[in-house]
Amino acid sequence: MTNKEIYEIALKIENGETLSNEEKLKLIFMLGELAGYKSKESKNRTYNHGGDESE
């Protein structure tokens with residue numbers, strides 16, 4: 001995702017405009033990356049009730 005795409009989505013959100021499904025998916029994946037989520041690595045991860053991560 002480019003900085004321009006991020007900026008355009010942010011402007012739409014700020015202006016209360018409706019996002020397309022493609023823009024929503026881009027936003028979800030971007031937020032996941034910011035949170036450190038990696039889909040390939042997540043297959044081997046489990047979480048206990050305390051939120052701690054183990055492999």
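This is a predicted model: local features need pLDDT of at least 70, side-chain atom pairs count only at pLDDT 80 or more; totals for chains, interfaces and linings use all residues.
**Ground rules.** I number residues from 1 along each chain as its sequence is written, and I use heavy atoms for side-chain values, with hydrogens and water left out.

**Confidence.** I looked up the chain mean, which is 76, with 65% of residues at 70 or more. Helix α1 (residues 3-14) is highest at 89, and strand β2 (residues 53-54) is lowest at a mean of 52. Helices (H or I, at least four residues) and strands (E, at least two) are DSSP runs, numbered from the N terminus.

**Salt bridges.** I counted three, taking a side-chain nitrogen of Lys or Arg within 4 Å of a carboxyl oxygen of Asp or Glu.

**Glu 23 and Lys 12.** I found their closest N and O atoms 3.0 Å apart. Glu 23 is in helix α2 and Lys 12 in helix α1, eleven residues apart. Is Glu 23 buried or exposed? I read 15% relative accessible area for Glu 23, which is buried, while Lys 12 is partly exposed at 24%. Buried means under 20%, exposed over 50%, partly exposed in between (1.4 Å probe, protein chains only).

**Lys 26.** I found Lys 26 bridged to Glu 5 at 2.7 Å, N to O. Lys 26 lies in α2 and Glu 5 in α1, so the pair ties together parts 21 residues apart in sequence. Lys 26 also meets Glu 22, at 3.5 Å. Shared partners join Glu 5, Glu 22 and Lys 26 into one network.

How values were computed:
pLDDT is the predictor's confidence in each residue, from 0 to 100.
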